[in-house]
Amino acid sequence: MAANYNSLQASNNNPSPYGSGDPYYNESSGYITPQRPKKGISNWIKFGVPVLIIVIIGAVVGGVVGSRKSSSKSSSSGSSGSSNQGSEAAASSLASAKLDIGRFATATNSEFMKPVFPSTTNTVAFTSPTFVPNSNAAIAWPKDPFQPQTPDVLKPRPDRPRLIAPAYKWQSLPTLIKSDPYLKGWNDTIFGNATQYFSSPPVAYFLDGDSGILDNAREIKMRIKAFGYVYRMTNDTKWVDRAWAELQNAVSDSFGPSGSDKWNPTHFLDTAELSAAFGIAYDWLYDIWTAEQKTSIRSSLTTYGLSQGVDAYTSSKGWWRTNTTGNWNCVCNGGLTLASLAILGDDTTGMAEQLLGLTVDNAKQNCALATTDDGTWAETANYWYFGTTGHAEMTSALLTATGSHFGLADVNSKFSLTGIYHMYASGTTSLFNYGDHGPNKFSSTANSMIFYGEQYQQPQFILFQREQSDAAEPWSMFWYDPTVTGAFWNGAALDHFFDNALDQWASMRSSWTDMNALYVAVKAGKNQGLQTHNDLDAGDFVLDALGTRWAGDLGSADYRSPDYFSNDTQGSARWTYYRKMTEGQNTILLNQANQNVASAPPTPKHGTSGTAQGSSTVANIPSDSTAFWVADISSAYFDNASVKRGVRLLNTRRQVLIQDEITSTTSVQWRMHTNATVSIDTGGTSATLTLDGQTMKIGMLNPPSGAQFAKGDAVRFSTDPTPPVPDQANPGVTVLSISLPAGTYNLQVLFNPQWSGMSDSDFVTPKSVSLDSWSLDSHN
């Protein structure tokens with residue numbers, strides 16, 4: 001049985017409101033009790049799959065659920081007004097072709113929630129990513145009629161809605177849905193999800209310790225978006241009534257304390273997300289609300305939301321305003337901005353104007369700088385979801401409401417690279433999910449990729465995200481550019497290296513479209529400066545092959561644990577929790593001690609054959625295709641130790657070599673966490689792992705004297721410092737290790753996935769080459 005990390009599961013009586021629930025993302029700080037995961041799902045996979053919980057219900061391509069009524073009421077044609085018959089014919093032909101081809105992925109894997117692609121070549125559809133400009137309303141958005149000559153954050157567009165989805169897009173959407181299989185599928189799923197939310201009671205208040213009511217806030221926001229969307233697509237006022245019930249519940253006596261701190265401003269993410277929810281409701285349903293309802297919404301919003309924002313900006317409470325390049329600044333400023341834009345002009349308190357004079361500039365100084373110069377998010381791959389959702393929502397809302405993003409999208413000239421980061425952090429089963437994973441995602445998805453794809457003219461971002469299980473939600477319907485065409489994998493390099501000193505990591509794979517493909521990611525980087533969401537994990541790696549994850553990260557511990565976020569100094573209590581300690585990572589452990597938080601490795605050495613996938617979903621790998629990455633991570637260790645780690649792909653990307661060169665005056669241990677069943681051979685220098693019906697053989701090459709594999713539970717050493725509270729258990733996780741006394745060693749561990757059709761003679765045994773001598777042809 002895989003580890004289950006939800007510390008509330010045993011005692012929480014709140015059932016999942018979602019039908020199928022979320023058996024894959026089970027965060028210790030969330031209150032939703034998922035269904036039991038099926039046997040064999042790894043603990044890090046449950047954390048690593050970044051799905052919007054309810055989207056799972058309808059995301060399977062070709063089998064989406066939802067109201068067919070919504071698509072049957074779509075406009076029959078959007079091209080009748082065109083005077084160019086040739087353009088009409090071309091548009092009609094393109095729309096027909098898109099519908100005939102359908103969505104590229106034919107299913108969603110139910111264990112990992114990854115798209116499943118057919119093994120085929122389609123040179124007509126699987127072309128290079130691009131946009132095909134077209135003015136025909138049947139296949140492209142019309143131009144926004146709101147084009148202010150001098151945009152002003154305090155001068156919003158005259159029509160409603162203002163936020164993200166202006167009226168002209170709502171008018172065009174039914175026609176576009178009819179001609180685009182992705183929009184059609186997402187629309188159906190949104191209707192299905194809204195129907196489930198409709199029949200569920202309003203979100204019940206639950207204060208989850210230091211994590212506050214963030215799950216509540218994001219779930220309410222998720223529901224409001226769905227209710228608002230379905231109302232505007234159907235004009236059925238039952239959705240307005242249901243949205244009103246959700247809003248009223250969120251300000252009722254049963255929802256938190258009775259004072260102005262009802263939305264928990266001490267954990268301001270909660271306040272920000274609820275403010276955004278109320279702002280979206282006010283704006284999207286503006287034309288149907290009565291005057292009394294509008295007054296009520298504004299009153300609630302200013303009392304529990306905007307006034308708290310003003311307080312945060314004018315006192316020391318708003319710590320997230322200063323030097324916070326991460327999700328907190330993006331989410332807090334984003335929520336306040338959406339809410340302020342929504343009521344601007346109707347607000348008689350002046351708070352909306354006051355905040356808009358503060359949030360935009362502050363977000364440019366903090367949120368927009370949360371990506372490094374190589375696109376890596378300055379927290380973790382999972383926190384990228386929260387941060388980019390906040391950034392994209394704020395940027396998009398400013399554009400639609402005022403005609404400008406005022407520099408938020410481009411003040412950081414490298415922000416556009418963050419889509420590349422997300423693509424390469426996505427493995428064949430789940431993310432390279434180092435560090436904390438965060439709370440339940442709810443309304444936080446990867447659909448910022450769709451917005452960024454259009455904003456930065458990077459079609460591959462859209463093409464990648466549109467296949468994912470969390471794509472089906474209202475933002476996608478308006479951020480998606482239906483003129484995008486091609487396959488994200490066509491021309492996509494299989495390897496990418498990220499060299500910014502903060503993270504320093506590598507991503508290498510054998511295919512973008514085969515779930516059974518090999519994927520390995522490894523990192524060095526710093527152990528401080530990541531908003532206290534990192535682990536002490538220089539050298540950490542994950543490994544996917546044969547459709548499962550063989551080496552994985554444990555992810556978050558319980559966010560409510562004492563001093564979990566206290567600080568990132570060497571003596572921090574955070575580093576006494578197993579999942580944050582060096583021994584809880586897939587790296588080298590010296591003296592059974594944590595790494596140095598002052599780690600500052602030099603730039604890694606790396607190389608790649610430059611192999612890129614072609615049009616086919618079946619990647620054609622040349623015989624000389626390879627990639628490697630070498631990092632000197634000595635600065636992460638004490639006592640003048642020398643530690644270098646190298647990772648290399650071999651044998652047309654079917655084998656992986658991990659090589660460590662170590663000199664230490666203290667004990668040495670090589671560690672890897674796995675959900676596999678581990679069997680060690682009688683000699684102790686090789687091991688066979690079995691998981692999900694697949695087999696991985698691991699062996700030491702030229703093993704040092706006395707080197708043997710051992711296996712054990714994922715628990716702390718008896719000599720470790722005692723944490724403030726006991727560790728969460730990690731059942732189903734085995735630590736594969738090699739332990740050696742002080743000395744100088746060259747540890748070479750070869751991973752051989754047992755691919756179908758390969759015999760023992762098909763695997764290679766590489767020659768021994770020192771890490772300093774590694775090159776593209778060093779192992780030929």
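**Salt bridges in a predicted model**

Arg653 is buried, its relative accessible area being 0%, where buried means under 20% relative accessible area, exposed over 50% and partly exposed in between, with a 1.4 Å probe and protein chains only. This is a predicted model, in which local features need pLDDT of at least 70 and side-chain atom pairs count only at pLDDT 80 or more, while totals for chains, interfaces and linings use all residues. Residues are numbered from 1 along each chain as its sequence is written, and side-chain values use heavy atoms, with hydrogens and water left out.

The side chain of Arg653 meets that of Asp495 in a salt bridge (2.7 Å, N to O), a term for a side-chain nitrogen of Lys or Arg within 4 Å of a carboxyl oxygen of Asp or Glu. Because Asp495 lies in strand S5 (residues 495-498) and Arg653 in the loop between strand S13 (642-650) and strand S14 (655-664), the pair ties together parts that are 158 residues apart in sequence; helices (H or I, at least four residues) and strands (E, at least two) are DSSP runs, numbered from the N terminus. Asp495 also counts as buried, at 6% relative accessibility.

By this rule the count comes to 27 salt bridges. One of them joins the side chains of Lys221 and Glu273 (2.9 Å, N to O); Lys221 lies in helix H7 (residues 214-234) and Glu273 in helix H9 (residues 268-284), so this pair ties together parts that are 52 residues apart in sequence.

Arg716 forms a salt bridge with Asp727, with the closest N and O atoms 2.6 Å apart, and here Asp727 is partly exposed, at a relative accessible area of 26%.
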